[in-house]
Amino acid sequence: MFGGRCLVALETAGSGREGWSSRSAFVLAAIGSAVGLGNLWRFPAEAGANGGGAFVLFYIFCVVLIGLPLLLSETLIGRHGQSSAPESARRLARESGASRHWSILASLGVLSAFLIVSFYCVVGGWVLHYVWIFTSDLFQTGLSGGAFQGRDPAQIEALWPNLAGNGGLTVALDALFLGITLFFVARGVSSGIEVMAVWLMPAFFVLLIAITVYGAFGGAFHESMAFLFSFEPHKLTGSVMLAALGQAFFSLSLGVAGMITYGGYVGRKVNLATTSVIIAAADTFVALVAGLCIFPIVFAAGLGVNAGPALMFQTLPHAFQSMPFGSLVGIFFFLMVGVAALTSSVALLEVPTSWLMEKTGLRRVPASCTIALGAMILGALSALSTNELAEFYPLNFIPLFEGQGVFDVLDGLTSKLFMPIAAIMTSVFVGWVSDRRLVNAETGLSPTLQGIWRFLVCWLCPLTLFGILAVGIFPNLFI
Ligand code: PFF
């Protein structure tokens, strides 16, 4: 059905199910899933808003001690089960003599992935629009000068609220981005998702390095290094620590069954511990380089870095105004962000698609189209109710949604509630409930590392994740 590549894939997976054609294909696709808007949009925004160095160093600590053990836990559930995420968890539970209801951890992840992809594609659509804005600016103002010549800063910063406030356009852009995502998911694991990752991830890295090196010549590189890496202990407050933990978690695609699903396509011979280290290291590298890409440009323009979500859509376009070849850099920058967002949205769409295929026996194309249709309807609601449209929120009459757009409600519900719950359940399931021999056989760790990993999964992960959950539910707990 999928040609020659798939034959290799089937043999690799060894389960009669579609799978990655090689270890490097899995690694690239998993890095593609992890590297996304979380690295390029959210990480610099959070680092900027939370004081720089203290946040960054604690973030690295969280990736190593919490993210990495959980990443290995998720991929091993998937690889053991060789099925959709809930079925993989059910299988491990059954073989461990535990309740099959442990599969709820993955079902919750499937639900979160569906909700996240709906609003993730809205942001993906904004990114496409910025590629277009900078392209048309290049034709208007020429190649060599800064972007948006002759426009005052207020006009540049108005681009984002104007876009978010244009309901028809945001919905159309959302549909376009979701359509591109669907194209790759509908083609299948080895012929669609893998091909996309193998071509786009190297292109992404080239763009990231090129823009970072170019930005570094702007002169504010040392300032940015100092901002990102100088550790000032007094800045490490409870809320900064929790922001770093939540960010590490989102960035590694944990708690949404994404890595369980991708793990389900991995062959038996792949060493999951090594691949987890590569994936986490690449994701962290990209987040740090994204900081070193964005901050020098912003500092060189004399702008503030603590604008939060507006950093990418308002501050940065403003900064491109004073940068030589600003429009061209803007095009490449937003293309790079679009590529990263696409490889992540594909992973997010694949999670519910693989579940639906298994649950209903539907083939891949109708299953992925059904999920995408649902995501489109929900995404349109998100697109029409971002913060910029507060007065027009269609769901203001429902108490949970009052004063908040659908976008923010879905974001909060998934990142502060569903994802931490799913991750706590995953660590308890793998660390305490599952049969040790089955788990140990999947990890590929030496006995000493096995002991360390088990300690982290059994104790550190659930306890710290409880912290995120508590703060998600009671935001004033640590203030
Ligand atoms: N890790 C992605 C990012 O940093 O943007 C977001 C994400 C992708 C979360 C895929 C979950 C997932 F399954």
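A: Happy to! Keep in mind that this is a predicted model. Let's begin with the cysteines: the count of disulfides comes to 0. A disulfide is a covalent bond between the sulfur atoms of two cysteines, and a pair is counted here when the sulfurs lie within 2.5 Å.

Cys461 is in no disulfide either, with the nearest cysteine sulfur, in Cys458, 9.1 Å away. Cys461 is buried, at a relative accessible area of 0%.

Now for the helices. Two packed helices are described by the angle between their axes and the distance between the axes. Helix H9 spans residues 167-187 and helix H16 spans residues 326-360; the two pack at an angle of about 60°, and their axes are 9 Å apart. H9 and H16 are therefore oblique to each other, and their crossing is right-handed.

On the H9 side, the contact is made by Phe177, Ile180, Thr181, Leu182, Phe184 and Val185. H16 contributes Gly338, Ala341, Leu342, Ser345, Val346, Leu349, Glu350 and Thr353. Sorted by class, this contact between H9 and H16 has 9 nonpolar, 4 polar and 1 charged residues.

Methods. Residues numbered from 1 in each chain as written. Predicted model: local features only at pLDDT ≥ 70, side-chain atom pairs only at ≥ 80, totals over all residues. Heavy atoms only, no water. Axes fitted to C-alpha atoms, helices over the stretch in contact; angles between N-to-C directions. Helix = DSSP H or I, 4+ residues; strand = E, 2+ residues; numbered from the N terminus. Parallel < 35°, antiparallel > 145°, perpendicular 65-115°, else oblique. Left-handed = near helix turned anticlockwise from the far one by under 90°. Contact = heavy atoms within 4.5 Å. Nonpolar A, V, L, I, M, F, W, Y, C, P; charged D, E, K, R; others polar. Buried < 20%, exposed > 50% of the residue type's maximum accessible area, 1.4 Å probe, protein only.
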